[in-house]
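Look at the model and its sequence below.

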Amino acid sequence: MSSAETASGYVNRMIERESRGWGDTSNAMERLHRRYGLPFWTLNHLRTRRAKTIDATLFHRIRAAYLDMCERQIAHLRHELDLEKEVNPDALMEDFESEASQLLAKVREAKKAT
């Protein structure tokens, strides 16, 4: 798989997570542009798979943004697990918390390597 195809996958997953529903693609790309400094039109060309090549620096910026978004999702999951423990203190949540912590460590390790 080429780096442009990989970057397209990252961009599409980020847009999917950022989008607030049907018709919000442009707004989601604009939010990603503001948050991560990724050019709007580059995001659009990667989303529509028009880009056939990608600069290595930009690829690493997109990957770092994707890993940051993954880290945010894990933080959200951990918060949800904490809320569940408050609502239902008898629930056995240790396995989920352990797996979330392991996943967070892997994402942070990947971010360091980027």
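Rings of Phe, Tyr and Trp (for Trp, its six-membered ring) pair if their centres lie within 6.5 Å; planes under 30 degrees apart count as stacked, over 60 as edge-to-face and the rest as tilted. Tyr 10, Phe 59 and Tyr 66 form one aromatic cluster. This is a predicted model, in which local features need pLDDT of at least 70 and side-chain atom pairs count only at pLDDT 80 or more, while totals for chains, interfaces and linings use all residues. Residues are numbered from 1 along each chain as its sequence is written, and side-chain values use heavy atoms, with hydrogens and water left out.

The structure has three aromatic pairs. In one of them, the ring centres of Tyr 10 and Tyr 66 are 4.6 Å apart and the planes stand at 25 degrees, so the pair is stacked. Because Tyr 10 lies in helix α1 (residues 3-18) and Tyr 66 in helix α4 (residues 56-87), the pair ties together parts that are 56 residues apart in sequence. Helices here are DSSP runs (H or I, at least four residues), numbered from the N terminus. Both Tyr 10 and Tyr 66 are buried, where buried means under 20% relative accessible area, exposed over 50% and partly exposed in between (1.4 Å probe, protein chains only).

Phe 40 and Trp 41 form an edge-to-face pair, with 5.1 Å from centre to centre and 85 degrees between the planes. Phe 40 is buried at a relative accessible area of 18%, whereas Trp 41 is exposed at 55%.

Helix α4 contains 32 residues and spans 47 Å from its first C-alpha to its last, close to the 46 Å expected at 1.5 Å a residue; the expected span is 1.5 Å times one less than the number of residues. Its buried residues include Phe 59, Ala 65, Tyr 66, Asp 68 and Met 69. The buried residues of α4 pack against α1, α2, α3 (40-47) and α5 (94-113), contact meaning heavy atoms within 4.5 Å.

How do α2 and α4 meet, and at roughly what angle do their axes cross? The axes of helix α2 (residues 25-36) and α4 come within 11 Å and cross at roughly 100 degrees. Axes are lines fitted to C-alpha atoms, for helices over the stretch in contact, and angles run from 0 to 180 degrees between N-to-C directions. In α2, Leu 32, Arg 35 and Tyr 36 meet Arg 61, Ala 65, Asp 68, Met 69 and Arg 72 in α4.

Arg 31 also lies in helix α2 and is buried, with a relative accessible area of 11%.

Notes
Helices (H or I, at least four residues) and strands (E, at least two) are DSSP runs, numbered from the N terminus.
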